[in-house]
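Dear colleague,

Please have it open while you read.

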Amino acid sequence: MANNIAVLGSTGSIGIQTLEVARNLGISISALTAGSNIDLLESQAREFEPSLVSIGEEGLALELKKRLSGLGIDVYYGLEGLKVAASVSQADTVVTSIVGIAGLVPTIEAIRHGKNIALANKETLVTAGEIVMAEADAHNVSIFPVDSEHSAIYQCLAANRKQDVERLIITASGGPFRGKRREELENVTVEQALKHPNWSMGSKITIDSATLMNKGLEVIEAHWLFGFAPEKISVLVHPQSIIHSMVEYVDGSVMAQLGPPDMRLPIQLALTWPHRAGNDFSRMNLLEHRNLTFEEPDMDTFSCLGLAFEALKLGGTMPAVMNGANEAAVELFLNRKIGFCDIPRLIERTMQTHIVNTMPHLDDIIEVDKWARKMVGGSV
Ligand code: NAD
Ligand code: MG
């Protein structure tokens, strides 16, 4: 059970819910970080009294320092600030709720300082899974998943032998465009893509959910977290988002984890495991969910899922290239510079141009990420 945490990305969707869980459980906070939301970071700092906070830019840090003067809270900024927060001495656990590859270096910093990781940032394992898992092993820290699917699989794997697993079944809501054909998606708007049927999340992951890239990222994340080959990881569309994922065993038995679609549950479990704590979150009434349905994912329309499986099989630097291209393309889409269907097109083109480095170091990952973003940016 975590007693003291640092929250990286505390002003985002997962960050805010993490603070709610920490408030309920009486967990202390020693560091908070944000990209640019100075007002929210200030109020979080006043409530939780961490020993330090960090924000994206120097100018914002100077302003925040003024606002927090006299409270004994150190103020940092930029990547260095994230590293200081990730290694703050009082914390036993770091919650990584920054979005994108920006979470990678701070997560490695936390691991090297012996912090357990409550991992929300999926791009960390997607881009550098082998490096991150090796670091965790070397520093004897545990990485507990916050992503609801991986939290479910973690629970379904508990008390069973890994060699008895037939396959992991990752469930997917299908997003707002489930059932649509590719032609129908050419002209969808940013607003339509941001309307997720079941979850309220940050904008980048919401677009990833609409393209099914989110499920692709989760397949890669599952591969590194649980150590199963791509052939043993499957995706099943389950629009109600009640079953958060499943594990099928060699005897034909399937274990599933169910619960309301509420991210505070997996966040809480990541902080209390192997125990569970009571709470007043709403309960699931199965009588209200009489129709749990399942479908095959439409990989032709939602080609991002296939691209992610391909990147995982090619390995090395390819998942980081795919991720960097996706981050850049999603940003362009959110800024209305490209259409929805340009997202998979640009990712695929970037992946086709890349020559895989099969044994990358961290620097190589960071370099190919920049390269992929440039490729995408240069083609519009
Ligand atoms: P969000 O956009 O709501 O919040 C992101 C946070 O990171 C904010 O605090 C922001 O200020 C900070 N941030 C963003 N870019 C930064 C940068 N370059 N440097 C420093 N800080 C930066 O995102 P979210 O929905 O909370 O998602 C966070 C991560 O958790 C993502 O990787 C996402 O895939 C994963 N995740 C989210 C959910 C969810 O329900 N929201 C579920 C599963 C996994
Ligand atoms: Mg998820």
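Trp 273 is partly exposed, with a relative accessible area of 26% (buried means under 20%, exposed over 50% and partly exposed in between, with a 1.4 Å probe and protein chains only). This is a predicted model, in which local features need pLDDT of at least 70 and side-chain atom pairs count only at pLDDT 80 or more, while totals for chains, interfaces and linings use all residues. Residues are numbered from 1 along each chain as its sequence is written, chains are lettered from A and ligands numbered from 1 in the order in which they are written, and side-chain values use heavy atoms, leaving out hydrogens and water.

There are five aromatic pairs in the structure, where rings of Phe, Tyr and Trp (its six-membered ring) pair if their centres lie within 6.5 Å, and planes under 30 degrees apart count as stacked, over 60 as edge-to-face and the rest as tilted. One of them joins Phe 144 and Tyr 154, whose ring centres are 4.2 Å apart with planes at 45°, so the pair is tilted. Phe 144 belongs to strand β7 (residues 143–145) and Tyr 154 to helix α7 (residues 148–157), helices (H or I, at least four residues) and strands (E, at least two) being DSSP runs numbered from the N terminus. Phe 144 is buried at 6% relative accessibility, whereas Tyr 154 is partly exposed at 26%.

Phe 144 also pairs with Trp 273, with ring centres 5.5 Å apart and planes at 45°, which makes this pair tilted; the two residues are 129 residues apart, Trp 273 being in the loop between α12 (264–272) and α13 (303–314). Phe 144, Tyr 154 and Trp 273 form one aromatic cluster.

With regards
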